[in-house]
Amino acid sequence: MDISNLTRDYLHKLFKEGQRFDGRGLLDLKDVSIEYGVSNKAEGSARVKIGKTEVIAGVKIDVGTPYPDSLDSGNLVVSGDLLPLASPRFEMGPPGFGGIEVPRLIDRLLRESGFIDFEGLCIKEGEKVWTLYVDVYPINDDGALIDAASLACVAALRHATLPELTEDQKVNRESKGKKKVPLNESMLPLSFTFFKLGDSLLLHPTREEEEACEAKITFGASKWEGTLMINSCQKGWETTFSRADIETMMDTIPEKYEELSKKLNKLLK
Amino acid sequence: MRTPINEAREAPEEEMISAEVSKRTIVVPGEIIVEGDDYLPGEGARREGEKVVASRFGLGEIAGRVVKVIPMSGAYVPRRNNVVLGRVTDITFNGWLLDLDCPGSGFLPIAESPRFINQHEMDQFLAIGDIAAVKIWSIKGRGIDLTLKGKGLGKLEGGFIFRINASRVPRIIGREGSMINLIKDNTHCQITVGQNGWVWISGESTKDELRARKAVEYIANNVQITGLTDHMEEWFTKN
Amino acid sequence: MVLKRVSGRKATEMRPMIAKVGVVPNADGSAIFAFGNSIAIAAVYGPRQLHPQHMQDPSTGILRVTYDLLSFSVSDRKKPGPSRRSQEISKVIEWSLLPVLDLKEFPNTVVDVQVYIPQADASTRVAAINAASMALAHAGLPMKDLVTAVSVGKLDKDLVVDVDKDEEDFEGGEGPTDFPMAKIAQSEAFTLLQLDGKIPPESVKKALAMGSDACNEVYEVQKKALKEFV
């Protein structure tokens, strides 16, 4: 059932009091867990859980040709699908907007942060480069899907190793390569999607909370030479954010980034 | 606030607590529950020669001679006389369409509202997105016919609704309403439980309301505990 | 000559199986089933409203199965989106499950079974059937019995149970034969039968017997997983 008027009104009031059904503060993160190597045919893979939301991502790597305007750089393709498995709301058939938006947001986050060392993916300038295919799939959607999905992609990339080339320059699928995918680890891109109901801002909503909200905005953040940078932004849905809202978010992201990256550095290899 | 008995009563075949129950065990479809000509297969069970076999996954129960399988999971299947919570999705010239979180659209004719409603003020009574506790009085073809006439039925105002698995509803209500009354007495909340798994809570304070929800969800997640009512009495002293 | 499987398994030895129910909280029923490194995850939604209306059947609910490999589940990446192969497998899986289901009490509805393979090591369709069968039971649907499935293979002349990728790609002699099968758990009624390779009729009979025994082992694993559900 879609969200009811009375529940939306109740959540409006509840959030105004600074409360949530699960006892968290409005900007408190849910429990996050990461598991690596969930698919052994992938060059890298990970499963992320944010509360009950579960997402898996895998990296496949192949030899490709560079784009004409970046002859010394490898390529990145982010795709995936909102599998109808994960929610009664996801429909079968060609990807709806959600299925298109999620990979594109993650693509921008990864590119703008500089996390991937694209030049390190060059095999022979102008001729041969590595192409990273990152595919992300939700297994259970209980809100905050974008944040879980981007974390799964980052984790899968950190787990990934470059394949080796055989003597006739073909990709050797028989054994795992030893060289890791070249990454600028210190950059660690993370996404934070804020949701709004009335005047209240939330992070890591449950699906129930998300369905009551009226606007959302996703920020990608990473570290550039030790300083926190906002790399990307996308506002969605139909109502508005005020300047004060954005200012609150700019004050919130740095501490949440530290909190989440500390958590991850315990969990990330 | 006590619930009138006929508002809270679950459809009889769903009663999970029975004095004569001699055996209860989880069974899978096709599994033999008991052998013997004397036994009568009830809901969720069937006879195959000498054997009484499970026709679904759930808690196989032998109560006297009757053998049935009580659901522990799965989607809600609408039944006549069920009281359910529905959300208004549309208003037509002669009634309201409701989403009952099950296949088939619920239709509440204007004639089945508890008092006279003028056609022009239908949305003032029940607007799109509003929730009502309705009774299913008939299921035919693609439609489910509803009524608001009856005790405990009507538009719900204030509070919030949330979902538990429909199979857990009998335990939330308890034998003759014992469990639901325990929750109400301890939290001073109004609570309406729909057979479709949707629960409405409205109380005097946020603290009470959140506590009531926690209690309902705790019961729904712990149906396997025997003596659950006593267990919940203790739970309320600690939570 | 003694049969040598790359994995070192005996002819009738299956890979370690994993089964668990309730892995997708949003679904009405869900389960994971694995034969060794071949993992299938299934979710069931239904009975629920079927759109578009013209697809509805007023005499019964319909079963709709979607099977697919996730892009990174195989050595050579599979492009996202259904392929001819996945569409065919979806259909045979549907046919393998229908005989145990009775959806007549749910007219005009659909029961959606979504099954995906995050990691493939051959025998994915039979792993999918095993997961789907548990997920359908978990969803509380009226079922006569569970459905159990296994693949029987032939490496040159030797029949083996539970084919892995190395065996699927076997070369030499009569080559590999892949014979996936499914049956209604407590019977000898087969609901899935497919075959690719070269196998004499007498060996087909033997393969069915071996497969049936292996399916009985699968049944014990499925039952245990369902009974562990709370």
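Author: The following account concerns the interface of chain C and chain A. This is a predicted model, in which local features need pLDDT of at least 70 and side-chain atom pairs count only at pLDDT 80 or more, while totals for chains, interfaces and linings use all residues. Residues are numbered from 1 along each chain as its sequence is written, chains are lettered from A in the order in which they are written, and side-chain values use heavy atoms, without hydrogens and water.

With contact defined as heavy atoms within 4.5 Å, chain C contributes 28 residues and chain A 27 residues. Together the two chains bury about 2,400 Å², of which 58% lies on carbon and sulfur atoms; buried area is the accessible area (1.4 Å probe) lost when two parts are put together, summed over both. Asn26(C), Phe72(C) and Arg77(C) provide 30% of the area that chain C buries against chain A, more than any other three residues.

Arg77(C) also pairs with Asp135(A): their side chains form a salt bridge at 2.8 Å, N to O. The rule (a side-chain nitrogen of Lys or Arg within 4 Å of a carboxyl oxygen of Asp or Glu) finds two salt bridges across this interface.

On the side of chain C that touches chain A, strand 3 (38–49), strand 4 (62–69) and strand 5 (109–119) are the elements that give two or more residues; strands are DSSP runs (E, at least two residues), numbered from the N terminus. The residues of that side comprise 14 nonpolar, eight polar and six charged, with Gly counted as polar and Asp, Glu, Lys and Arg as charged.

Conventions. Helix = DSSP H or I, 4+ residues; strand = E, 2+ residues; numbered from the N terminus.
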